[in-house]
Amino acid sequence: MANSMSFLLLLSLLAFAPLCLCNKNVGGYLYPQFYDYSCPQAQHIVKSILDKYVVVQPRLAASILRLHFHDCFVKGCDASLLLDSNGGIISEKGSNPNRDSARGFEVIDEIKAAIERECPSTVSCADILTLAARDSVVLTGGPSWEVPLGRRDSRDASISGSNNNIPAPNNTFQTILTKFKLQGLDLVDLVALSGGHTIGNARCTTFRQRLYNQSGNGKPDSTLNQYYAAYLRTRCPSSGGDQNLFFLDYATPYKFDNSYFKNLLAYKGLLNSDQVLFTMNQESAELVKLYAERNDIFFEQFAKSMIKMGNISPLTGPRGEIRENCRKINA
């Protein structure tokens with residue numbers, strides 16, 4: 001008990017540690033004031049346009065947050081995910097994690113067009129996506145943070161990276177943690193960032209195996225609450241209905257809060273990749289308990305981990321470009 005309390009106290013202290021916003025990178029560094037003089041209206045434009053969309057389609061907040069995550073895990077936060085297939089570029093939009101599920105591109109397009117009218121060839125698509133991810137969290141009731149800026153856009157994409165680097169819903173805990181560590185993120189980041197599933201939806205096809213054949217023996221997942229599983233089976237049959245949508249957090253699906261972690265304690269995590277945070281590793285289970293009890297600590301760590309994720313291998317200085325259109329490289 002004493003060791004457990006000491007661990008929780010340490011986590012509490014870490015959660016409130018000062019944020020470093022100045023990660024040095026090859027060719028430059030990121031800082032929140034990057035556009036203060038070159039495009040002072042940039043952040044206002046991002047939030048105002050995003051707000052207009054989220055009011056009408058609340059689900060888009062989670063979609064934008066997911067785009068940022070899926071972008072950063074492939075070649076870093078460089079807006080490669082936003083590129084359409086063209087010429088020698090094969091779009092990451094067609095990868096297994098993104099096909100039929102990645103959405104919100106039209107929101108980024110509108111934001112980019114508005115910023116281009118205000119400040120031509122100044123603000124990168126990568127920074128727009130990073131800001132929009134932060135604002136998606138804020139608009140649904142989550143924490144805010146200063147976003148380090150100064151990223152540039154890539155001139156290529158990697159569909160193989162998208163297929164291999166992004167954690168999958170049915171990955172084991174160790175595989176997911178390994179994929180996070182390869183990006184310079186640790187177990188604390190894994191648990192905190194998974195809390196982004198407090199908003200958004202998942203398709204039946206992403207968790208069907210938990211309902212019918214989790215271990216290849218024709219039986220459901222023993223770590224899934226049986227009553228919750230029975231409800232899920234009513235709309236996620238053993239075959240068909242692949243695109244049927246379910247809330248990742250059934251309790252407060254449109255509110256960014258810590259109920260996601262409370263669901264895990266009740267064995268009501270929708271995806272296998274959610275529930276394993278509580279069932280397969282003691283350290284991550286302690287974090288789940290902490291965040292379920294302390295929404296403030298979850299918010300603090302989520303903000304820190306989002307900044308850390310946003311600093312994965314950004315293109316700065318002379319590398320990359322400022323795309324005029326987020327869907328294609330400049331001529």
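The dialogue below goes from the whole chain to single residues.

Q: What kind of model is this, and how are residues numbered?

A: This is a predicted model: local features need pLDDT of at least 70, side-chain atom pairs count only at pLDDT 80 or more, and totals for chains, interfaces and linings use all residues. Residues are numbered from 1 along each chain as its sequence is written, and side-chain values use heavy atoms, with hydrogens and water left out.

Q: How many helices and strands does the protein chain have?

A: Helices (H or I, at least four residues) and strands (E, at least two) are DSSP runs, numbered from the N terminus. The protein chain has 14 helices and four strands. Its radius of gyration is 20 Å, close to the 20 Å that the globule rule gives for 331 residues, so the chain is as compact as a globular protein of that length. That radius is taken over C-alpha atoms, and the rule is 2.2 Å times the number of residues to the power 0.38. Along the principal axes, the C-alpha atoms fill a box of roughly 55 × 50 × 35 Å.

Q: What share of the residues is buried?

A: Buried means under 20% relative accessible area, exposed over 50%, and partly exposed in between (1.4 Å probe, protein chains only). Here, buried residues make up 53% of the 331 residues. For contacts, the cut-off is heavy atoms within 4.5 Å. Among contacts between residues at least 6 apart in sequence, 76% join residues at least 24 apart.

Q: Which domain does UniProt place on this chain, and where?

A: UniProt positions are given in the numbering used here, feature names are shortened, and annotations may be inferred rather than shown by experiment. An unreviewed UniProt entry places "domain: Plant heme peroxidase family profile" at residues 29–330. That span is 46% helix and 2% strand, and its end C-alpha atoms lie 23 Å apart.

Q: Where does UniProt place the feature "binding site"?

A: The unreviewed entry puts that feature at Pro167. Pro167 sits in the loop between α6 and α7. With 18% relative accessibility, Pro167 counts as buried. Beyond its neighbours within four places in sequence, Pro167 is in contact with Phe69, Phe73, Ile176, Lys179 and Phe180.

Q: How do I read a pair of packed helices?

A: Two packed helices are described by the angle between their axes and the distance between the axes. Axes are lines fitted to C-alpha atoms, for helices over the stretch in contact, and angles run from 0 to 180 degrees between N-to-C directions. Take helix α13 (residues 282–293) and helix α14 (residues 295–310): their axes come within 5 Å and cross at roughly 115 degrees. Leu290, Tyr291 and Glu293 of α13 make the contact with Asn295, Ile297, Phe298 and Gln301 of α14. These residues divide into four nonpolar, two polar and one charged. Ala, Val, Leu, Ile, Met, Phe, Trp, Tyr, Cys and Pro count as nonpolar, Asp, Glu, Lys and Arg as charged, and the others, Gly among them, as polar.

Q: Is helix α12 mostly covered or exposed, and what covers its buried residues?

A: Helix α12 (residues 272–279) is mostly covered, with seven of its eight residues buried. They are Asn272, Ser273, Asp274, Gln275, Val276, Leu277 and Phe278. The cover includes α7 (173–181), α8 (187–194), α9, α11 (259–265) and α13.

Q: How many salt bridges are there?

A: A salt bridge is a side-chain nitrogen of Lys or Arg within 4 Å of a carboxyl oxygen of Asp or Glu. A search of the whole structure finds 16. Asp84, Lys93, Asp109 and Arg327 are linked in a network of salt bridges.

Q: What do salt bridges within a helix look like?

A: An α-helix has 3.6 residues a turn, so residues three or four places apart point the same way. Lys112 forms a salt bridge with Glu116, with the closest N and O atoms 2.9 Å apart. Both belong to helix α4, four residues apart, so about one helical turn separates Lys112 and Glu116. Lys112 is buried at 2% relative accessible area, and Glu116 is buried at 15%.

Q: Which parts of the chain do Lys75 and Asp156 link?

A: Their salt bridge has its closest N and O atoms 3.0 Å apart. Lys75 is in the loop between α3 (59–72) and α4 (105–118), and Asp156 is in the loop between α5 (125–139) and α6 (159–165), 81 residues apart. Lys75 is partly exposed at 34%, and Asp156 is partly exposed at 39%.
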